[in-house]
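Please take a careful look at the sequence and the model below before reading on. The briefing then moves from a sheet to a pair of annotated residues.

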Amino acid sequence: MASKKFYAVWEGHNPGVYDNWKACQQQIKNYPQAKYKSFPTKKEAEEALNGNYWQHVGKPKKPSINPELVKKVGQPILNSLAVDAACSGNPGTMEYRGVYTHNAQEIFKKGPFKKSTNNIGEFLALVHVLALCKKHGDDRPIYSDSRTAMSWVRKKAVKTTLQKTAVNKDSFELMDRALSWLQNNSYKNKILKWETKAWGEIPADFGRK
């Protein structure tokens, strides 16, 4: 059973602390540049709300390990990289980033991109880190928690129902560049699935839900 979470909404329709994701969503949906994050206790959420949003976003969560599942899938490879994306709404405001798995130190962060999707962000994050690794001769494994993004990279094809508009053309331009890179480059990195149920949230998680 999932643990209880509390959500601090710094900027939304009605800023405050909410005790479930559905209530939080109502405050951030269709709100430009909404700022929010989840916390394990109400006290932490309230204290965070009284502080600066930027002091909390992007900080690694304490891992929530499931010992029984770890026995089945093993431990993650710490000498690796991890990527993730976050999107407020669907479509909505999207951003993505990459980190070192062992300490969640941020390597890159891109966005926000308006009227985009989480799948697009996950895909762009994977290609971004692959290109970065090739540039620096880094062949360590890369973790993603998105099977969709992993499939798009493997097939070198994006399957999205999102329609291109003047508002989200930057996402489509990045997708075109990413597909071009995949068509014209090879890479040695293994792309591995992050086992969220066993290891907790991926280290690159934005910690907002």
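In what order do the three strands of the open sheet stand? The order is β2-β1-β3, with antiparallel pairing, where strands are DSSP runs of E with at least two residues, numbered from the N terminus, and two strands pair if DSSP finds at least two bridges between them. This is a predicted model, in which local features need pLDDT of at least 70 and side-chain atom pairs count only at pLDDT 80 or more, while totals for chains, interfaces and linings use all residues. Residues are numbered from 1 along each chain as its sequence is written, and side-chain values use heavy atoms, leaving out hydrogens and water.

- Strand β1 (residues 6-11) is joined to β2 by three bridges in the antiparallel sense, and Ala-8 lies opposite Val-17 in β2.

**The annotated residues**
- An unreviewed UniProt entry gives the annotation "binding site" to Glu-122 and Asp-145, although such annotations may be inferred rather than shown by experiment.
- These residues are spread over 24 residues of sequence, yet they cluster in space, with a largest C-alpha distance of 8.5 Å.
- Asp-145, at 22%, is partly exposed, a class that lies between buried and exposed (over 50%).
- Asp-145 is found in the loop between β7 (142-144) and α5 (147-155), and, not counting residues up to four places away in sequence, touches (heavy atoms within 4.5 Å) residues including Asp-84, Glu-122 and Lys-193.

Definitions and conventions
Buried means under 20% relative accessible area, exposed over 50%, partly exposed in between (1.4 Å probe, protein chains only).
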